[in-house]
Amino acid sequence: MSHSVLFLILAALTFAGFFMGRKRAVAQAGGVIRSLHSRPNYYGYLVALWCGIPAFALLLLWVGLESNVVDTLLAASLPDSLTAGMDPASLSLLLNDIHNLAAGVATSRDINEAMAGAADHYNDLRETGLLALAVVALGVAIGGILVGSKLIHPDLRARAKVERAINRALFICSLLAIMITVGIVMSLLFESIRFFGKVSPFDFLFGLEWSPQTALRADQVGSSGAFGALPLLAGTMLISFIAMCVAAPIGLLSAIYLVEYAPRKVRAVVKPLLEILAGIPTVVYGFFAALTAAPFIRDVGTSLGLSVSSESALAAGAVMGIMIIPFVSSLSDDVINAVPQSMRDGSYGLGATQSETILRVVLPAALPGIVGSMLLAVSRAIGETMIVVMAAGLAANLTANPLEAVTTVTVQIVTLLVGDQEFDSAKTLAAFALGLLLFCITLALNVVALMIVNRYREQYE
Amino acid sequence: MTQMNVKTDDEILSENSMTASSPVTQEAPRPTFVTRGVDVFYGDKQALFGIDLDVQASGVTALIGPSGCGKSTFLRCMNRMNDTIDGCRISGQILLDGEDIYDDQVDVVHLRARVGIVFQKPNPFPKSIYDNVAYGPRIHGITSSKSELDDLVKHSLEKAGLWGEVADRLDEPGTGLSGGQQQRLCIARAIAVQPTVILMDEPCSALDPIATARIEDLMGELREQFTIVIVTHSMQQAARVSQRTAFFHLGELVEVGATADIFSNPVEQRTQDYITGRFG
């Protein structure tokens, strides 16, 4: 019997529990459904919950813990001849080989008697474990059905109980999402703390030079490593600024056109088309930036007598701007649409033209939302990676010249973590500190954006 | 709102019937609006059928009728607010002081400056009280200096009976006022453009009885200077504030006449039925 078979049996039992519960409730009511406190289905759900929740929880728990428990038991049972003088790392390699042997896959060492015995023992342990699990889980499931059925009584407030269970389940889902976020932030935070043990936060935040190559051996020269994040931040800001210069006007003006001027037919075509832009994978934008936009800008610049590097902030920023146009336009569209028609009527009723109405009534009323959508777009631009990896270059220049190559926080995180890593060098750990920095910036932007949006939301009510 | 002069319905009714029967108003003044054969369609659905209605200058004309009878549609035709509705078509003639307002030569901006409108639900802009009133004068360039604009704002608010309540907080948002105050702000906003006609689309239906009474008093004062057309669901209100009443039913103008006649002695059976509450 495998886990999946057990899963199917438990599911079937849960279903059975539902029907048994419902039947029992109807029987208890003597066929008079109205004498039940809740509709019969709720009694069924209640029994199904009693049956399913503990049994599936057990199954999940065992799937999560199985390998640990079995390995601990296996390691304890290994003969000394195999484990003599082993450190934990080589012990885990040995266990791995035993797993492979047990599964009939090629192993990395010669098989001897002891190994074969251990593999057999491992298989035994797993089978016993699974059998025990099956017995316990089925017992719990059947017990759940019995207890649940026993509880059923016409006065039992089954609906309230089921709804509370659903409520809990929803709560657990949202809790899970939050916990995962917290976990991600924590992992960033702990690695960053290790990094700040090697490089002072002050140097990191205010240093003007970024060259993360550290010496691998003591006798290497010239690669002492400098971890000043300012050039990266400057590059990020420059590219985001260029992106917003493209996206803000085009996105906002297209939103105004779509909401205020476009005939319904045009809107029905243009709006989905605009949103297709949002569906293009960013790596495709990256091609476009690196292969089309950047050479074009370089050629134009050269013909004007400017020196433009072939990977320029301008190319990456402009293409990123195109990428976030649908973001800005769709958010602004919602906000402008949310301005009540009565505002427009009031303005028209006073003899204002359409453009006066838009400029003096609609946009001021929608302004907080528009600012909020812009800030969200900025945080999107700051976090964007693929386009800048492909089109902006790797040189950490501290410059405001959009024609030079710059690099961004996200690009550096990628380059630091691509390839073979040693997780005790400042170079690798720097990626986590950069990630934390980026997270803080976008979080702050999002908070400010939400505050602005919320603060003025009810202004025209 | 320390002192409030709320008149009972009877008092107002008797006042009105006095004015209605006085010789001055009996002699019909020159009509401001003349409409002939106005049909309105929303898409394929016809909302109004051949409306012929004259609106007398200076005075309150009430449009009454059951929901969906087309009275608001007709009101919105009078300053072309229906232009903003997709699929709305209008045929027939609406003359304002002899000029067809649906003529191609007519600029709808100028028309709406002459014919102001106050809506059912107060809709002050999310701006300061001052800016709300100054909005119209600014877009039409009515005033040439800041002090002139200040005077116009003050004057308009006084006319709308709101000045005393807001004089010391003109820079607070108009949306912070109470519903009745907001509606008077909207009236002040309409007055500030110096129209000749003010259309009111159920201006009191979102207000409590006290605020309603204030607006009704206000209409009594404003009708000296402006031609007022009001759509109302309340027959008592029509009787209190108007001199002439038009009864709409199912998109047709059933009957129009002096308010006192319509309510005491209607010609048409349908009017009689509506007024006595047999349908509606």
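Is the crossing of α5(B) and α8(B) left-handed or right-handed? The crossing of these two helices is right-handed, a crossing being right-handed if the near helix is turned clockwise from the far one by less than a right angle, and left-handed if anticlockwise. The structure is a predicted model, in which local features need pLDDT of at least 70 and side-chain atom pairs count only at pLDDT 80 or more, whereas totals for chains, interfaces and linings use all residues. Residues are numbered from 1 along each chain as its sequence is written, and chains are lettered from A and ligands numbered from 1 in the order in which they are written.

Helices (H or I, at least four residues) and strands (E, at least two) are DSSP runs, numbered from the N terminus. The axes of α5(B) and α8(B) lie 7 Å apart, at an angle of about 30°; axes are lines fitted to C-alpha atoms, for helices over the stretch in contact, and angles run from 0 to 180 degrees between N-to-C directions. The two helices are therefore roughly parallel to each other, a description applied to angles under 35 degrees. From α5(B), residues I129(B), N132(B), V133(B), Y135(B), G136(B) and P137(B) meet L185(B), A188(B), R189(B) and A192(B) of α8(B), where contact requires C-beta atoms, placed from the backbone, within 7 Å. This contact comprises seven nonpolar residues, two polar and one charged. Ala, Val, Leu, Ile, Met, Phe, Trp, Tyr, Cys and Pro count as nonpolar, Asp, Glu, Lys and Arg as charged, and the others, Gly among them, as polar.

Both helices also take part in the contact between the chains, to which chain B contributes 22 residues and chain A 17 residues. On the side of chain B, two or more residues come from each of α4 (108-114), β6 (115-118), α5 (129-140) and α8 (179-192). The most are given by α5(B), with four residues. This side divides into eleven nonpolar, seven polar and four charged residues.

Strand β1 (residues 31-42) is joined to β2(B) by eight bridges, in which T35(B) is partnered by L53(B) and P31(B) by Q56(B). Two residues lie between these strands in their hairpin, where G43(B) takes a positive phi near 65°. Eight bridges also pair β1(B) with β4 (residues 88-96) in the antiparallel sense, and F33(B) has L96(B) as its bridge partner in β4(B).

Conventions:
Pairing = 2+ DSSP bridges. Contact = placed C-beta atoms within 7 Å. Parallel < 35°, antiparallel > 145°, perpendicular 65-115°, else oblique.
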